[in-house]
Amino acid sequence: MSISDIVLSIADNKQMLGLRYAEWATRAPSLEADIAAAAMGLDDLGHSRVLYGCLEPLGADPRGPERESDPASLRALAYFDQPWTEWAQFVAANAVLDTAFTVVIEACVNGSVEVLQHRLRKMLMEERYHFLHGRSWLKSGIGAEPLNRAWTEAVEWFGPPDGEVAALHREGKLSMGPPELLAKLEEQLEVKSPDVRVDWAKWDPNRRRSKPGAIDEQTFGMLRGLEEKKFAPSSAATKEA
Amino acid sequence: MGPRSLTSYKRVSGDAIEYEVFARKTRAESLHQVGSVVAPDDDLAMAYARATYDEERWCEMAIVRKEHVIELWQPGEAQ
């Protein structure tokens, strides 16, 4: 495991977060929240592109050809496997997971890897508004289930106390390790994490999650451009025109 | 699954606050009103203002609670 694996994990998660946000651009509780969902979706999709672009200069791109055929090869959290059906799921992801990703980006920016220091800094400014949005909706009160799930997946995503994130912290490549990341997340959200017990023996260090599964077929098709092709004119129709 | 059928939240609740949004593109320009947003608190109003009015490259953006604007006179009133 290397810093590239962490960057790829942030990129895949931000890509999925952006897509799930975008799905709520016409279903949020208010017009303003619709627009915010669309804007945050665009931000996170853009961030994922920047993060994928960091893999080459980092010298190791962990992406393999299996990403074209196996949705389980993507390194996104289980929280994004299926479209959200409740606004509370959006809020929990917006407040807890989006902020967890930002906290790790902050650890990259304040770490010793130059390309990450420079390229990821602007994201922190844009993420401020995601954070304000998530925290405000969180304060308005949502159900415990999506919130507990988001906290659990955030803790899992930070990784075990003796894992590679902790090692990268010791090497100085990340300015924070798992306990500091969790403390920072709690400080930002002004709440304590629920008591999360993770069975690290069942944890997948590549996907940084314990749950098996993968994103839904339609979303996977969309990521590969297959959904878009359904609406493209056939080659015969193009020739006739 | 119709629009907004999944939540019980309303477009504007009783405690919603109206904010005026101001912005400018250059330091030489004055801040001017670019629109308004409705939100229950300042944090959400900032997030909404940024999301709604980000089509320009503003060098500054600010929001003000509408109730904090002190009017000197209104259209049709003598100065």
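This is a predicted model: local features need pLDDT of at least 70, side-chain atom pairs count only at pLDDT 80 or more; totals for chains, interfaces and linings use all residues.
Helices are DSSP runs of H or I with at least four residues, numbered from the N terminus.

Figure 1. Along its sequence, chain A reads α-α-α-α-α-α-α-α-α-α-α. Taken along the principal axes, the box filled by its C-alpha atoms is roughly 65 × 45 × 35 Å.

**Figure 2. Burial and contacts within chain A.** Of the 241 residues in chain A, 44% are buried. Among contacts in chain A with a separation of 6 or more, 76% join residues 24 or more positions apart.

**Figure 3. The largest nonpolar core, with Val96(A) and Ala154(A).** This core has 79 residues, and Val96(A) and Ala154(A) are those with the most contacts inside it. Helix 3 of chain A (residues 87-109) supplies the largest share of the core, 16 residues.

**Figure 4. Surroundings of Val96(A).** When neighbours within four places in sequence are left aside, Val96(A) is in contact with Leu147(A), Ala150(A), Trp151(A), Ala154(A) and Leu189(A). One of these partners, Ala154(A), is named with Val96(A) as having the most contacts inside the largest nonpolar core.

**Figure 5. The contact between chain A and chain B.** Here 18 residues of chain A meet 20 residues of chain B. On the side of chain A that touches chain B, helix 2 (31-58) and helix 5 (121-139) are the elements that give two or more residues. By class, that side of chain A has eight nonpolar, six polar and four charged residues.

Definitions and conventions: Residues are numbered from 1 along each chain as its sequence is written. Chains are lettered from A and ligands numbered from 1 in the order in which they are written. Two residues are in contact if their C-beta atoms, placed from the backbone, lie within 7 Å. Ala, Val, Leu, Ile, Met, Phe, Trp, Tyr, Cys and Pro count as nonpolar, Asp, Glu, Lys and Arg as charged, and the others, Gly among them, as polar. A nonpolar core is a set of buried Ala, Val, Leu, Ile, Met, Phe, Trp, Tyr and Cys residues joined through C-beta atoms within 7 Å. A residue is buried if 20 or more other C-beta atoms lie within 10 Å of its own, exposed if 12 or fewer, and partly exposed in between; C-beta atoms are placed from the backbone.
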